[in-house]
Amino acid sequence: MKIIPYILYLFLIAFYVTIFSDFVAIYGVTIDLVVFLVVAVGLFKDEIEATWFGVAAGIVAGATRLDLMPWDVLTIGVIAFAANQMGTRINLESLLSKIIVLATAVLLHGIVQTLVISADNFFYVLLRFVMPSMVYTVLLGVLFFLIKDGRISWEKTKALF
Amino acid sequence: MTWFWTVFHRNRRLLNFGLEIFLIILIVFSGNTARPFLGNLVLSIFHYPFAELKESIEGLHSVAEENRNLKNILAESNLQRGFTEEARRENIRLREFLGFDPPENFTLVPVKIVSLEQNRYPYAAVINKGKNDFIDIDCPVVNRFGLVGKVKETMREFATVQLLTDPSNAVSARTVESRQIGIVRYVPSEGMIFDNLPADAVIDKGDQIISSGLGGVYPSGLSIALVDSVLANKGEIKKQVWLRPNVNFNEIEELFVLKSVGK
């Protein structure tokens, strides 16, 4: 198991949580990069790597709020495991199936976070932040999966012009 | 030892899950010990470098903002300093002018120049007081150096001053020393001259020229100019005298209208 890429992913999560999320936020809606990375690893790597990365990502993401850390670790760990299990059962060639997994994971993470922080105005937060965040993350996911599958490449983009 | 590795490899998946679940339980249930330790460790390794970077960027941003504010304050201060300096200079000029006593039966009405009419040299000025302030036509106008001109036209709130540099404005004058009387006027091609002076008149360079009081417009004794040069050609009936005006007409600012007390 190569550990360095995962450490770099963890640094990416820390960088995103500390600095970058503010820059990409649109009216308070941000990309759920933690879940995105965890799902990406879960879909394409083996079970042990995926689950350990899920737990580690939960710890890194939850370190800024210790009271939420258990929930983050638990949710993201479960998402990593579930994404890995789904990855063995779905057609990974299909963009839609990967996007559905990603969207479900982001939605689940958002719902758990909303319920843990405050159940008041749950539906407002769900519609105002969680759902748009899911859409935003899915857009990033579509781009990522298209690039990963080679459907978008530098050569193809260059050929357009 | 071989037995250990065999068991480990056979149950690798279970062991990993067991460790993960143990870690999660540790995080969930040991709120005051494991969680702060883990949080501190993760923050110092992963988050701290980026937090420092963010702080530095924000610091740079605030320094740039502060620099902009300080530049604005500096510009305002410079402007204020300019105003203060100008007020100080005006104060000095006015203080100097306090030593100037108006002629008998005249009072000084301070005025400011609104605009200066000029064609190569200034010849008329518009001042900020007029009929409403009882400024009349032909009132003499002076500054702290001497005679500047006279009021030519009056409006309700403004008046026009005909400066001594206007060729049509002639002043009856005399020399302070020899009391020779002549006419001071401005000739565009020659400058200010002292005209109508007989050839035998006693006059030297540096003599002071003052108003004579003849003619009924200007009171006597107002300083006008100094003699700059004298030319007495043989056979001429008049002396040619060039003057250096006391007033620099390009730099006039505060003026005083001499208003007759009786009027």
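This is a predicted model: local features need pLDDT of at least 70, side-chain atom pairs count only at pLDDT 80 or more; totals for chains, interfaces and linings use all residues.
Residues are numbered from 1 along each chain as its sequence is written, and chains are lettered from A, with ligands numbered from 1, in the order in which they are written.

Chain A contains seven helices and zero strands, where helices (H or I, at least four residues) and strands (E, at least two) are DSSP runs numbered from the N terminus. Along the sequence, the elements of chain A follow the pattern α-α-α-α-α-α-α. Chain A comprises 161 residues, of which 47% are buried; buried denotes under 20% relative accessible area, exposed over 50%, and partly exposed the range in between (1.4 Å probe, protein chains only). Among the contacts of chain A with a separation of 6 or more, 71% join residues 24 or more positions apart, a contact being defined by heavy atoms within 4.5 Å.

At the interface, 26 residues of chain A are in contact with 23 residues of chain B. The area buried between the two chains is about 2300 Å², with 79% given by carbon and sulfur atoms; this quantity is the accessible area (1.4 Å probe) that two parts lose on being put together, summed over both. Two salt bridges are found across the interface of chain A and chain B, each defined by a side-chain nitrogen of Lys or Arg within 4 Å of a carboxyl oxygen of Asp or Glu. A salt bridge joins the side chains of Lys54(B) and Asp22(A), at 3.7 Å from N to O. Seven residue pairs, both members at pLDDT 80 or more, are in polar contact across the interface of chain A and chain B. A polar contact is a pair of N or O atoms within 3.5 Å; within protein, one must be able to donate a hydrogen and the other to accept it, and residues adjacent in sequence count only if both atoms are side-chain atoms. On the side of chain A that touches chain B, α1 (4-24), α3 (47-62) and α4 (69-89) each supply at least two residues. The largest share of that side, nine residues, comes from α1(A).

Individual residues were also examined. Ser223(B) is found in strand β10 (residues 223-231) of chain B and is buried, with a relative accessible area of 16%. Its side chain makes a polar contact with that of Asn246(B) at 2.3 Å.

Most residues other than glycine have a negative phi. Tyr27(A), although not a glycine, has a positive phi of about 50 degrees; Tyr27(A) lies in the loop between α1 and α2 (33-44) of chain A and is exposed, at 73% relative accessible area. Arg179(B), likewise not a glycine, has a positive phi of about 60 degrees. Arg179(B) is placed in the loop between β6 (171-175) and β7 (181-187) of chain B and is partly exposed, at 44% relative accessibility.

Notes:
Side-chain values use heavy atoms; hydrogens and water are left out.
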